[in-house]
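Me: I am new to this structure and would be grateful for a close look at a single part of it.

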Amino acid sequence: MNFKEFMNLLIDDKLKGVYLFDSKEEFLNDTIIEEVRNKVNIPDFNLVEIKGNTNIETIKNSYETYPVMDEKKYIIWRNIDISKKSIKEYENTLNILADDFKEFPEFALLLIFSDNPPFKGKFYKSVAKNGKIVEINRLNQKELESFIGKRFVRNGKKIQKSLVREIVSRFSYLSKDSEIDLYEIVNVVDKIIASSSNEIVNSQDVFDHLDEVLNINIFNLTDSMSSKNPKDTVETFLKMTRANEDIFMIYHMVIRQIRNLIGVKSLYINGYNDSFMMKSLGIGSYELKKLKSFSRNFSLTELFDIHSRIFDMEYRQKSVDFDMELELLLLLRKISAK
């Protein structure tokens, strides 16, 4: 079961039993919890929120006592870690719960949120058999654009799809190893909404706040570098160093860009379609479109030469005389040179 399927059942009052969340998005977890809170008429009796590794009697009591003046009782157990690394701490409690799940009360709804992906062992399999596993993955590009668009609509605003795509492009959320989450995106979107005085959000409303996004400079840098614009590349890099941005973060983002350019150009030359390229490189359709355009500025030989220089930098970092800031500036000038 995914997030959308779960929410539909929750809204329609069709949930029952036990649900274990295998989630990669804290914001969506909190969205579910907030929706549950809003549904309960008498929360003092019919909503129990349990946090952390509590004793088994507290948990059992929560789902064994009947709801008051309602057909359903909601129990939320969160702030626990039943990942492979930490599940031993909860072993006795989970074994008892697994036995109870075989004949779980019809009136009770137990939602279990682990801080880290739950270990797919005995307890996980017990929930899969006697309850439901809810898998919540990070959003893909289409889902993220829809998520952002709907947030504007819910707040009485209209926005062009092109501006929504611009918001998406300014974050590294869709990148394979990105640590950006929906909370960071929502924070910027809500600022745009709050500052927009008209029903229709204009480009100025959007760009004023996007320029405040912490990782905006790195994408300006990789874009200008890939466009072979040496002036903007050097200016952006120097602006970032003056702002004390992490020089090694910049270095690794440059590596990522070059490797993606090599991947896109190689796969395109060999006739692979966009779907295969996105899956192989772990990128979204918007980033692929940009990379395909940028890749025309380089030959494969040139890209491999750049990659060799980066590898050489990696090796020479161990040298006492190695100056990463200077080496990176020289690398960027070489990449962006026409």
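How much area do domain 1 and domain 2 bury between them, and what share of it is on carbon and sulfur atoms?

Reply: This is a predicted model, in which local features need pLDDT of at least 70, side-chain atom pairs count only at pLDDT 80 or more, and totals for chains, interfaces and linings use all residues. Residues are numbered from 1 along each chain as its sequence is written, and side-chain values use heavy atoms, with hydrogens and water left out.

Domain 1 (3-136) and domain 2 (141-210) are listed together with domain 3 (215-337); such bounds come from an automatic or database domain assignment. Domain 1 and domain 2 bury about 480 Å² between them, 69% of it on carbon and sulfur atoms. Buried area is the accessible area (1.4 Å probe) that two parts lose on being put together, summed over both. On the side of domain 1, Glu25, Phe27 and Asp30 lose the most area to domain 2, together 86% of what that side buries. In terms of contact (heavy atoms within 4.5 Å), 5 residues of domain 1 meet 7 residues of domain 2. The centres of these two domains, taken over C-alpha atoms, are 31 Å apart.

The largest pocket lies between domain 1 and domain 2, because both give residues to its lining. A pocket is an open set of points on a 1 Å grid over the protein atoms alone, where a 1.4 Å probe fits, with protein on both sides within 12 Å along at least five of seven lines; lining residues have an atom within 4 Å of a point. Of the 21 lining residues, Phe3, Lys4, Leu28, Leu139 and Lys150 lie nearest the centre of the largest pocket.
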